[in-house]
Amino acid sequence: MSRASRRSRKNRPTGPEAWNESFNAVDHAPLLAALGVELDDDILRLALTHRSFANEHDQLPNNERLEFVGDAVLGLSVANELFERYPSRPESDLSPMRSRVVSRYALADVARDIGLGAHILVGKGEEVTGGRDKESILADTTEALLGAIYRRHGFEVTRDVILRLFAQKLDEAKASHDWKTVLQERVAQLGATQPQYQYSSSGPEHERVFTAEVVIGGKTCGFGRGQNKKTAEQNAAREAVFLLRERPELIALAAQEES
């Protein structure tokens, strides 16, 4: 190694130094204003740190533990809000409504609404491949922020933030979706054969649980469970719709193989 290279490596900031530099390079005031709460730098920096950045800088802490907490607080807040809004709806209605509100795609929409992408600390690989706008990274970081708010402010404040940020998603949740039809239309657009459903069931007769598997072009694209075949089918189709939004090449490839 040349003397210049050794000097360059010596002057390179350490993990914590690089962490602070990257975090301080962005003005986070607009993000905090969108959230409507104050967070100290330590926990905000952690909530914004994707594992790709942490791994590239001496194995710094990342936001996955906060994401774990935020996921739980989000699920409880949304479930209770739906319970209050729709007192006559059965669990079989409320459960898919909650799933729509807390889905990766809903979380990513909220993240884009508050301009979260510009604040996330990602590694070089994610940076060059558009990681700041990936739905998975946006969704996970949103949950991490909710976890950070909960850790600093408690449940009631976090719930109020959630209900404000997800207000439109909650209003839209009651709209029913025929996911089987949505999936059929999407598969037709991609030029593959129509979905096929396979079933299994488990449990005693009075508590039977059905599992549906949706297969497209020989590839399993979704699973769903429910107290009857119809619900299981809808849940499997919904999972397949979300998969094909993110990875349409799976079915495009199947269509090529069939032709």
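Visitor: How are α8 and α10 oriented to each other, roughly parallel or roughly perpendicular?
Guide: In this predicted model, local features need pLDDT of at least 70, side-chain atom pairs count only at pLDDT 80 or more, and totals for chains, interfaces and linings use all residues. Residues are numbered from 1 along each chain as its sequence is written, and side-chain values use heavy atoms, leaving out hydrogens and water. The axes of helix α8 (residues 104-113) and helix α10 (residues 135-153) come within 8 Å and cross at roughly 75 degrees, where axes are lines fitted to C-alpha atoms, for helices over the stretch in contact, and angles run from 0 to 180 degrees between N-to-C directions. Since angles under 35 degrees count as roughly parallel, over 145 as roughly antiparallel, 65 to 115 as roughly perpendicular and the rest as oblique, α8 and α10 are therefore roughly perpendicular.

Visitor: At what angle do the axes of α10 and helix α11 cross?
Guide: Helices (H or I, at least four residues) and strands (E, at least two) are DSSP runs, numbered from the N terminus. The axes of α10 and α11 (residues 155-165) come within 7 Å, and their crossing angle is roughly 145 degrees.

Visitor: In which order do the three strands form the open sheet?
Guide: Two strands pair if DSSP finds at least two bridges between them, and β1 with β2 (residues 209-216) reaches seven bridges in the antiparallel sense. The edge strands, each pairing on one side only, are β1 (196-202) and β3 (219-226). The pairing in this open sheet is antiparallel, and the order is β1-β2-β3.

Visitor: Which residue of β2 is the bridge partner of Tyr-197?
Guide: Neighbouring strands of the sheet are turned by 20 degrees against each other on average, direction ignored. Within β2, the bridge partner of Tyr-197 is Val-214.
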